[in-house]
Amino acid sequence: MDFSTANHKLTIYLKGSLDSAHSDRIEKSVREICDDNIGLPLVFDMYRVEYISTEGIRTLLRFRSSEDEKINVINVSNNLYELFMAGGSGDMFEIRRKPRTLSLKGLKLEASSDSIKLYRVDEYFWLKVNLKKNTIDDIDNENIIARSAFINGIPTEIAYEIVYTEEGCGQLYELSDAHMLAAALYLNPDKISYYTRVFAGFMKDVHCTEMEGADLPDAKRELQYALEKSKKYFSEEDYNMMYDLLATIPDKNTFLYGDFDTEGIMLKYGSPFFVDFANVRVGHPVFDLADIYITYCMNEEDTSMLTLNGSWYDGTGFSDDMRESLFRTFISEYFPCSEEIRHKRVEFIRGIAYLKLVLAPAVDNETVTEEMMKPHRRFARMYLMNDVYDLIGKLDF
């Protein structure tokens with residue numbers, strides 16, 4: 001019997017028929033899994049269940065810890081829902097019906113990145129398919145973040161329906177008169193500078209937003225944890241300098257978007273808003289600016305020695321010269337200060353970008369190895385460590 005403990009829940013995936021002929025075996029298997037995962041809220045996933053009898057319903061109810069507790073069941077088909085209701089036990093369950101299936105056949109693929117695909121369904125509706133985090137729990141968590149961002153004033157579009165597709169779970173959005181920032185940049189080469197300045201102003205406003213009441217990963221803590229996991233692969237001196245660099249960055253609860261390949265950023269009536277929240281964090285804006293630096297200022301040659309999961313650079317499709325020009329325009333709008341001050345700030349941002357790349361294996365993987373870290377240690381010595389001492393304590397924005 002398959003199960004998952006992701007998202008701090010114990011999800012057990014049932015299948016086949018839940019009837020008197022199978023109830024004892026099912027109860028025994030579920031009991032063993034629960035005993036090994038005490039303390040986690042229990043959820044039964046019914047996606048592959050074809051039939052449930054009264055005895056099968058009683059079997060599930062035996063896992064209530066009290067008479068007032070409701071058993072969580074998800075991916076319940078219409079037929080199964082009727083069986084739950086017919087048995088008179090519907091009120092004892094927290095039932096979530098199975099999302100409908102939407103075929104991708106005939107839909108126009110508007111954009112594709114390492115993490116999402118965007119399809120246009122018609123002139124009013126768009127479909128976003130998550131390629132990495134695409135379980136129902138993942139989508140639920142993203143929608144919780146989207147609602148929190150909306151409440152806190154972040155320009156946000158919230159999906160109105162979850163669907164199943166051939167490529168995994170998807171979310172439907174009503175986005176009439178909307179288009180992607182990437183498309184605006186591609187289709188309006190004479191307005192690239194304008195849209196880049198609009199985007200910079202948008203991100204500057206976003207980086208002034210504190211995420212009250214949101215339980216989000218902290219970008220600084222994430223890197224500090226990654227550094228601790230990979231500590232033994234660096235010299236004591238290098239470790240201490242990277243530690244000090246991170247330690248001097250102020251703690252903040254600011255919204256960080258964390259994904260700047262532009263597919264998840266849309267425009268409506270000329271104003272940007274977000275539709276993808278898979279990589280949202282909180283922390284100092286320098287961490288977002290470092291991601292923007294990686295996207296627009298680094299290429300495959302810069303990172304060819306590294307072992308990176310997915311796309312850590314060039315998710316835009318623009319030429320190197322164009323990306324660097326976009327970054328210069330962006331950073332000039334974001335920091336309307338003297339060239340000297342802006343140059344020093346970019347140097348600091350570059351340092352954090354290099355640090356993120358150095359620690360990437362420890363961010364992306366639960367465990368790290370010498371084989372993973374060896375090229376990143378070399379990258380650190382070549383690009384980061386010669387300058388990191390001069391960066392410590394120099395963040396001034």
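Leu 395 is buried in this predicted model, with a relative accessible area of 17%, under the 20% cut-off for burial. The residue is found in the segment after α13, which spans 370-391. Which residues is Leu 395 in contact with, leaving aside its neighbours within four places in sequence? They are Ile 249, Pro 250, His 284, Val 286 and Phe 348. As for Val 163, its C-alpha atom is separated from that of Leu 395 by 44 Å, and the two residues are 232 residues apart along the chain.

I turn now to helix α6, residues 192-206. Its 15 residues reach 21 Å from the first C-alpha to the last, close to the 21 Å expected at 1.5 Å a residue. The buried residues of α6 are Ile 192, Tyr 195, Thr 196, Phe 199, Ala 200, Phe 202, Met 203 and Val 206. These cover an arc of only 165° around the axis, and therefore lie on the same side of α6. What do they pack against? Their partners are the helices α5 (181-187), α9 (286-297) and α10 (320-334), together with the strands β12 (255-256), β13 (265-268) and β14 (271-274).

My last topic is a helix pair. The axes of α7 (residues 219-229) and α8 (residues 236-247) come within 10 Å and cross at roughly 170°. Because an angle over 145 degrees counts as roughly antiparallel, α7 and α8 are roughly antiparallel to each other. On the α7 side, the contact is made by Lys 220, Leu 223, Gln 224, Leu 227 and Glu 228; α8 contributes Tyr 239, Met 242, Tyr 243, Leu 246 and Ala 247. By class, the residues of this contact divide into seven nonpolar, one polar and two charged.

Methods: Residues numbered from 1 in each chain as written. Predicted model: local features only at pLDDT ≥ 70, side-chain atom pairs only at ≥ 80, totals over all residues. Heavy atoms only, no water. Helix = DSSP H or I, 4+ residues; strand = E, 2+ residues; numbered from the N terminus. Expected span 1.5 Å × (residues − 1). Buried < 20%, exposed > 50% of the residue type's maximum accessible area, 1.4 Å probe, protein only. Arc of directions from axis to C-beta. Contact = heavy atoms within 4.5 Å. Axes fitted to C-alpha atoms, helices over the stretch in contact; angles between N-to-C directions. Parallel < 35°, antiparallel > 145°, perpendicular 65-115°, else oblique. Nonpolar A, V, L, I, M, F, W, Y, C, P; charged D, E, K, R; others polar.
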